[in-house]
Amino acid sequence: MTLVKICGINDAAGFDAVAEAGADMVGLVFYPPSPRAVTAAEAAALSARVQGGPMRVGLFVDPTDAELEAVLAALPLGMIQLHGAESPARCAAIRARFGLPVMKAVGVGDPRDLEGLAFYTPTVDRFLLDAKPPPDSDLPGGNATAFDWSLTAGRTIPRPWLLAGGLTPETVAEAIRQSGAPGVDVSSGVERSRGVKDPARIAAFVAAVRGAEA
Ligand SMILES: O=C(O)c1ccccc1NCC(=O)[C@H](O)[C@H](O)COP(=O)(O)O
């Protein structure tokens, strides 16, 4: 089954929609400059709405240990997503210190970026392959930008991975077909405006992924 992560949930309606749609992972953005950012307390309140449900993935950009500790004191996470310039050694240190699986986000623009995954393979559990941010963007992710899906076709990616970047309910089935992705991630494509999730589009995205499997 294709894994589905809905990222950047910051309100109750969005959280409930992710759980109701049966997505596998929900991303909570702990990066204050993002329009999708939540505080640890806000994330804990959202998470407490649903017993069980999607894995809570905490998204951080070059976090300090203190930042990670503060979030983990407020709510349990199932995975840490690192979306900054974290080195393989830093990924390993975070994984060891916090005892959680680490998903490293990597920007993909050409085949060399996929070759570079080998440096991270021993130190991470999963990759999130995303588009590189456009030059005028102030965010390392969540930019509604896609990369060339054919780059991953037929390639062995050395860890389980999610395809991200510019996906929408309308394009995700074709993206899975072209890329061969075993999982997908979306943020902007299920929003009604920047940073504001649309429950109907969340449901449509998950349905489109499940439809692509049928
Ligand atoms: O979404 C953000 O605001 C964000 C901010 C800082 C670092 C990463 C961020 N998002 C990372 C994600 O996992 C997004 O879901 C991924 O980049 C895809 O985003 P989109 O192209 O908007 O679907």
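Trainee: Which residue in E8 is the bridge partner of Ile6?
Mentor: Val186 is the bridge partner of Ile6 in E8. Keep in mind that this is a predicted model, where local features need pLDDT of at least 70, side-chain atom pairs count only at pLDDT 80 or more, and totals for chains, interfaces and linings use all residues. Residues are numbered from 1 along each chain as its sequence is written.

Trainee: In which sense do E1 and E8 pair?
Mentor: Parallel, over four bridges, with E8 covering residues 183-186. Two strands pair if DSSP finds at least two bridges between them. Strands (E, at least two residues) and helices (H or I, at least four) are DSSP runs, numbered from the N terminus.

Trainee: What stands opposite Ile6 in E2?
Mentor: Val26 does. E1 and E2 (residues 25-29) run parallel, joined by three bridges.

Trainee: Why is E1 largely enclosed?
Mentor: Four of its five residues, 3-7, are buried, so the rest of the structure largely encloses E1. Buried means 20 or more other C-beta atoms within 10 Å of the residue's own; exposed is 12 or fewer, partly exposed is in between, and C-beta atoms are placed from the backbone.

Trainee: And E3?
Mentor: Five of the six residues of E3 (residues 55-60) are buried, so E3 too is largely enclosed by the rest of the structure. Five bridges join E3 to E2, and the two run parallel. Arg56 of E3 stands opposite Val26.

Trainee: What does E3 pair with through four bridges?
Mentor: E4, residues 79-82, in the parallel sense. There, Leu82 stands opposite Phe60. The chain gets from E3 to E4 through helix H3 (residues 65-74), in a right-handed β-α-β crossover. Right-handed means that, with the strands pointing away from the viewer, the path from the first strand over the helix to the second runs clockwise.

Trainee: What are the confidence scores?
Mentor: The chain averages a pLDDT of 97, with 100% of the residues scoring at least 70. pLDDT is the predictor's confidence in each residue, from 0 to 100. ipTM is 0.98 and pTM is 0.98.
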